[in-house]
Amino acid sequence: MSAVMLEEVKMDGQAGQFANRKNTFFLALRGVAVADDENLQDGDVFAITEGVDVEVGDLVVWWTGLARTLALARVQEDLSFKGVGGFPPPSDEQPAKVRGVVVGRLRQFGSGHQGA
């Protein structure tokens, strides 16, 4: 199983127009995610909005400031992060910052993927 990671991608069409509003950008999932309640699949594209309030239950992207540390997590009741799909939660050794909140997920049809 390959390591799971997030990669910034550019979208065109209607999704690309969405990115021009509210500090929204897109991240694609690369690699095979661990099976969990999130049902993440290689190739999923997430719309991420920066600068919004994080609430319990939100799916967020956290990082340490380096693109290679981008990771997905769910915000727990105590406002800690629980890693999803094989992404780790933040560690105590490196302070984590929320890069943004996931506001949408796109899944391409074909290549064995089903729509989300």
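1. T49 has V101 as its bridge partner in β7. The two strands involved are β3 (residues 45-49) and β7 (residues 97-106). They run antiparallel, and five bridges join them. Strands are DSSP runs of E with at least two residues; helices are DSSP runs of H or I with at least four residues; both are numbered from the N terminus. Two strands count as paired if DSSP finds at least two bridges between them.

2. A word on the source. This is a predicted model, in which local features need pLDDT of at least 70 and side-chain atom pairs count only at pLDDT 80 or more, while totals for chains, interfaces and linings use all residues. Residues are numbered from 1 along each chain as its sequence is written, and side-chain values use heavy atoms, with hydrogens and water left out.

3. Now the overall plan. The protein has one helix and seven strands. Along the sequence, the pattern reads β-α-β-β-β-β-β-β. The seven strands form an open sheet in the order β1-β2-β3-β7-β4-β5-β6, with antiparallel pairing. β1 and β6 are the edge strands, each pairing on one side only. From one strand to the next, the twist averages 45 degrees. The axes behind that angle are lines fitted to C-alpha atoms (for helices, over the stretch in contact), and angles run from 0 to 180 degrees between N-to-C directions.

4. How many residues of β3 are buried? Five of its five residues are, and the strand is mostly covered. Both faces are covered: V45, A47 and T49 are buried on one side, F46 and I48 on the other. Buried means under 20% relative accessible area, exposed means over 50%, and partly exposed lies in between (1.4 Å probe, protein chains only).

5. β2 is the next strand to look at. Six of the seven residues of β2 (residues 24-30) are buried, so the strand is largely enclosed by the rest of the structure. β2 pairs with strand β1 (residues 5-9) in the antiparallel sense, over five bridges. There, E8 has L27 as its bridge partner. β2 and β3 also run antiparallel and are joined by five bridges. In that pairing, A28 stands opposite V45.

6. The loop between β2 and β3 deserves a look. V32 lies in it. With 44% relative accessibility, V32 counts as partly exposed. The C-alpha atoms of V32 and A3 are separated by 6.8 Å, although the two residues are 29 apart along the chain. N39 is found in the loop between β2 and β3 too. N39 is partly exposed, with a relative accessible area of 46%.

7. Check the backbone at two places. Most residues other than glycine have a negative phi. N39 is not a glycine, yet its phi is positive, about 55 degrees. L79 is not a glycine either, and has a positive phi of about 70 degrees. L79 lies in the loop between β5 (71-75) and β6 (81-83). Is L79 buried or exposed? L79 counts as exposed, at 55% relative accessibility.

8. R99 meets two rings. Its charged end sits over the ring of F25, 4.2 Å from the centre. The charged end of R99 also sits over the ring of W63, 4.6 Å from its centre. The rule asks for NZ of Lys or CZ of Arg within 6 Å of the ring centre and within 35 degrees of the ring normal.

9. Aromatic pairs come to zero. To pair, rings of Phe, Tyr and Trp (its six-membered ring) need centres within 6.5 Å; planes under 30 degrees apart count as stacked, over 60 as edge-to-face and the rest as tilted.

10. Last, the totals. Of the 116 residues, 36% count as buried. The accessible surface comes to about 7200 Å², with 49% belonging to carbon and sulfur atoms. These areas come from the Shrake-Rupley method with a 1.4 Å probe; for residues, only the protein chains shown count as cover. Among contacts (heavy atoms within 4.5 Å) between residues at least 6 apart in sequence, 53% join residues at least 24 apart.
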